[in-house]
Amino acid sequence: MLIEELLEYAAKLKDRDKPGKHAIKVCSAAGCLSLKSDAVAEELKNKITEAGLEEECWVKPVGCLGLCSKGPLVTVDSNSKVYQEVKPSDAGRIIARAAEGVSKETDPFFTSQQKIVLENSGQIDPEKIHDYILRDGYLGLHEVLEMTPQEVIDEVTLSGLRGRGGAGYPTGLKWNTVAKTGNVGKYVICNADEGDPGAFMDRSVLEGDPHRVLEGMAIAAYAVGASEGYVYVRAEYPLAIKRLKNAIKQAERAGVLGKNIFGTTFSFTVEIRIGAGAFVCGEETALIASIEGKRGQPRPRPPYPAQVGLWGAPTLINNVETFANIAPIMRNGGEWYASIGTEKSKGTKVFALAGKISNTGLIEVPMGTKLRDVIYNIGGGIPDGKKFKAVQTGGPSGGCIPEQFLDQPIDYESLGALGSIMGSGGMIIMDETSCMVDVAKYFLDFTKDESCGKCVPCRVGTVQLYSILDRITKGEGTMEDLDELDDLCDLVKNTSLCGLGQAAPNPVLSTIQYFRDEYIAHIVEKRCPAGVCKIHKGERIQKEEVMA
């Protein structure tokens, strides 16, 4: 199928599915659905019918609109308002446009973002391929098939895109490595095993714009010489899986996946593999083992998957957000993408804002945006008049950054210098009610449970770190414990087999560095400054007196 035929095909589907002039868009992402946005959509349809407005407007389910804390969300494409916390009883006022809403043109949550990955989220129906095609969907793939594979890789390299899964490895360099293996039977894998607590970036992209990820995978496959692909997605994401399966079927029917794509000799198929929720399977060699039907455990590297990956063949692995950037780069050029962001961190980054912040939700900002702007401008600041204490980036492997560094830019180098990481994009905000020793303990509890147990430093070290933190939160720690924590963190960080163990000490190291006074208060003063930890000082003193 030629691009003209594809556009004609999409226009026919659009005419069939869109009976009216104005779309009333209702968020159908998992967050809003849990708040009964489907009931809101149904009542909107009823009110349209009652008012005889079928020829004027229609209800359209869309992906995440971003402002998750104020869901369910509804927008009308004929104005710039976002209606928040909508109930079915609000349907009549929205149809009459008498409801109060937030203006996307003036609200900082919307005006301070720059959307590339999320450009279609909240705009298209994720279950309708024609919506994607009519917003330049698969145009990038069509253009790529008129280029040589090396020209595609050169464009990605020029863009400066780095892997959005956490490590920040240059995407063009990884693609080039796989392409130069010269082997046949290569694979492309999309890592959608998003396991960080509080993170929902990849889930939202797959739920709201699945074709974008498929197009990015197809472009990557053409560039590196692969003909088969897999999306490894968590079983905890049933809606994302459902929409991804639907997207694959639609793409095959339209001729943009499968055999002889756009009438060329290039063929590419995609299958879904569902993970059982093991955090360690986010590590690429453990993920490969899981796809092969083995226990999800990391293996030593080298060889890297780019040389020896799935079933021993060269394999390209990128995460959801990385693939979601590819089509816009090919449509607009690598130079365009490289003009956004900082010198070493190009483009934008999607973050999931969570924790003690007014506007929890999904955002996308240029690399180099200050933490303060994200938290106080887009995020709306700390609710209930509380004081900001720390922001944790990078999930359980990240560090906790205090207030004095809020004017630091968000990029790979700056976060690394502060003892944190970019990670996949989780950003958890903490206020004065958070105990930083307890926060470190929480993340160690997570990583010790998620350790695959293959290597001793991670299997034993994370347990020992947790035990020391547990003693401190109970008021039973000593000053020697701080030195032991430092030594153990160094050991685990430098001798663990994979990224899980290597990064597990980060929450401990960063909280000791920036919030050492809280550790000392627990140890010396036998108190928790935030009042979180259950230190029963009086009972312990009485018990010691009885024993004496």
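## Aromatic pairs and charges over rings

A search of the whole structure, which is a predicted model, finds 11 aromatic pairs. Tyr187, Tyr230 and Trp311 are joined by ring pairs into a cluster.

Two lysines are placed over aromatic rings. The charged end of Lys448 sits over the ring of Tyr466, at 4.8 Å from its centre. Lys349 lies over the face of Phe351, with a distance of 5.4 Å from the ring centre.

## Cysteines

The search of the whole structure for disulfides returns zero. For Cys458, the closest cysteine sulfur is that of Cys455; the distance is 5.1 Å, too far for a bond. Cys458 is buried, its relative accessible area being 5%.

With a relative accessible area of 8%, Cys498 is buried.

Strand E14 covers residues 426–431, and six of its six residues are buried, so the strand is largely enclosed by the rest of the structure. Both of its faces are covered: one side carries the buried residues Gly426, Ile428 and Met430, and the other carries Met427, Ile429 and Asp431, also buried.

E14 pairs with strand E10 (residues 348–355) in the parallel sense, over four bridges. Here Ala352 stands opposite Gly426 of E14. Strand E12 (residues 388–393) runs antiparallel to E14 and is joined to it by five bridges. Val391 has Ile429 in E14 as its bridge partner.

## Salt bridges

The structure holds 31 salt bridges. One of them is between Asp431 and Lys356, whose closest N and O atoms are 3.7 Å apart. This pair links distant parts of the chain, 75 residues apart: Asp431 is in strand E14, while Lys356 is in the loop between E10 and strand E11 (361–366). Asp431 counts as buried at 3% relative accessibility, whereas Lys356, at 35%, counts as partly exposed.

A network of salt bridges with shared partners joins Glu119, Asp209, Arg212 and Arg331. Within it, the side chains of Asp209 and Arg212 meet at 2.7 Å, N to O. Asp209 and Arg212 are both buried.

Glu8 and Lys12 form another salt bridge, with 3.8 Å between the closest N and O atoms. Both residues lie in helix H1 (residues 3–17), four residues apart, about one turn of the helix. Glu8 is partly exposed, at 47% relative accessibility, and Lys12 is exposed, with a relative accessible area of 56%.

Methods. Residues numbered from 1 in each chain as written. Predicted model: local features only at pLDDT ≥ 70, side-chain atom pairs only at ≥ 80, totals over all residues. Heavy atoms only, no water. Phe/Tyr/Trp six-rings, centres within 6.5 Å; stacked < 30°, edge-to-face > 60°. Lys NZ or Arg CZ within 6 Å of the ring centre and 35° of its normal. Disulfide = S-S within 2.5 Å. Buried < 20%, exposed > 50% of the residue type's maximum accessible area, 1.4 Å probe, protein only. Helix = DSSP H or I, 4+ residues; strand = E, 2+ residues; numbered from the N terminus. Pairing = 2+ DSSP bridges. Salt bridge = Lys/Arg side-chain N within 4 Å of Asp/Glu carboxyl O.
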